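Biologist: I am new to this structure. Please take me through one part of it closely, starting from the overall layout and ending in the core.

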Amino acid sequence: MIRSYWTAPMQEIAPIKVSSEHIEIALDRICDYYGFTIEQLKGKSRLKNIVQARQMACYILRRKMNLPLQTVGDLLNRHHATIIYSASIVEDYIEFEEPLRRNAAYLTSRCVPLSEIKTSKHTQLIINKYN
């Protein structure tokens, strides 16, 4: 019997209890790393560099900090579907592109407390290099 995607059980992701101050610090660090302001990150610009920074922010806030989709969407002025897409794009590219993997590991280590980080083996090895 073939199971439909829509009937498959959903995996629950328990949100980490993160303060709004911690979220703002994470966004500040991402903006500092890429050289943009928070207004630019939250804005409507579709310039490649700003989009990449925004996608990385979605990835870190959603996949590493386990924030709910609606929260990440509200923080970045984006629809929840955009958050899903952005986080998955970064996750896919991390698998194949070493520079992006290093950037993600570095930003994750700067934005998320080590005790809270969800990582793959590759990401953990790179994070250990920075700590």
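Biologist: How many helices and how many strands make up the secondary structure of the protein chain? Then look closely at the largest nonpolar core: which residues there touch the most other members?

Modeller: This is a predicted model. The secondary structure of the protein chain comes to seven helices and zero strands. From the N terminus on, the order reads α-α-α-α-α-α-α. The pLDDT of the chain averages 82, and 73% of the residues score at least 70. Take care with residues 1-13, where the pLDDT is below 50. That stretch has four contacts in the model beyond near neighbours in sequence.

Of the 131 residues in the chain, 37% are buried. Now to the core. The largest nonpolar core holds 29 residues. Leu 27, Met 56, Ile 60, Leu 61, Met 65 and Leu 76 touch the most other members. H3 supplies the largest share, eight residues. In soluble globular proteins, nonpolar side chains tend to be buried together.

Leaving out residues up to four places away in sequence, Leu 76 touches Leu 27, Leu 41, Lys 42, Arg 54, Ala 57, Cys 58 and Leu 61.

Among contacts in the chain with a separation of 6 or more, 57% join residues 24 or more positions apart.

Methods: Residues are numbered from 1 along each chain as its sequence is written. This is a predicted model: local features need pLDDT of at least 70, side-chain atom pairs count only at pLDDT 80 or more; totals for chains, interfaces and linings use all residues. Side-chain values use heavy atoms; hydrogens and water are left out. A nonpolar core is a set of buried Ala, Val, Leu, Ile, Met, Phe, Trp, Tyr and Cys residues joined through side-chain atoms within 4.5 Å. Buried means under 20% relative accessible area, exposed over 50%, partly exposed in between (1.4 Å probe, protein chains only). Helices (H or I, at least four residues) and strands (E, at least two) are DSSP runs, numbered from the N terminus. Contact means heavy atoms within 4.5 Å. pLDDT is the predictor's confidence in each residue, from 0 to 100.
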